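Welcome! Here is a short tour for anyone meeting this structure for the first time. Please have a look at the sequence and the 3D view before reading on.

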Amino acid sequence: RACRAPIDKGAWRVGLVFHEEGRFEPSGFVHARCAPAYFETADILSRVRRFSPALGEEDLAELQADLLPKSPAPGA
């Protein structure tokens, strides 16, 4: 939704959910790497926990790693 590129199968994605007319409505997905720019913060794990209670601590740690900016490779 943010960059309009397809999300690879098995890649972390963040589901968008909006509250409309008294209920939550799903509205697509954002790449985990695009989420900080889309939401203007990388601090989204508390919300992810709320809407995805089945995720374990290991899953959340993997997602958190994808949310952090990547350092360029040496020599790049």
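What follows is a briefing on the fold, the hairpin, the core and the cysteines.

This is a predicted model, in which local features need pLDDT of at least 70 and side-chain atom pairs count only at pLDDT 80 or more, while totals for chains, interfaces and linings use all residues. Residues are numbered from 1 along each chain as its sequence is written, and side-chain values use heavy atoms, leaving out hydrogens and water.

**Overall fold**
- The protein chain has 3 helices and 2 strands, taken as DSSP runs numbered from the N terminus (helices are H or I with at least four residues, strands E with at least two).
- Read from the N terminus, these elements follow the order β-β-α-α-α.
- Of the 76 residues in the protein chain, 20% are buried; buried means under 20% relative accessible area, exposed over 50%, and partly exposed in between (1.4 Å probe, protein chains only).
- Among contacts (heavy atoms within 4.5 Å) with a separation of 6 or more, 39% join residues 24 or more positions apart.

**The hairpin**
- β1 (13–20) and β2 (residues 23–31) pair in the antiparallel sense over 7 bridges, where pairing requires that DSSP finds at least two bridges between the strands.
- Glutamate 20 sits opposite arginine 23 in β2.
- The hairpin has 2 residues between its strands, and glutamate 21 takes a positive phi near 50° there.

- In helix α3 (residues 57–67), the buried residues are Leu60, Leu63 and Leu67.
- Viewed down the axis of α3, these residues fall within an arc of 60°, so they line one face of the helix; the arc is that of the directions from the helix axis to the C-beta atoms.
- Their cover includes β1, α1 (35–39) and α2 (45–51).
- The largest nonpolar core has 12 residues, among them Val14, Val30, Cys34 and Leu60; such a core is a set of buried Ala, Val, Leu, Ile, Met, Phe, Trp, Tyr and Cys residues joined through side-chain atoms within 4.5 Å.
- β1, α2 and α3 each give two or more residues to this core, and the largest share, 3 residues, comes from α3.
- Valine 48 touches Leu55, Leu60 and Leu63, leaving aside residues up to four places away in sequence.

**The cysteines**
- The count is 0 disulfides, with a disulfide being a pair of cysteine sulfur atoms within 2.5 Å.
- The sulfur of cysteine 3 is 3.8 Å from its closest cysteine sulfur, in cysteine 34, which is too far for a bond.
- Cysteine 3 counts as partly exposed at 37% relative accessibility, whereas cysteine 34 is buried at 15%.
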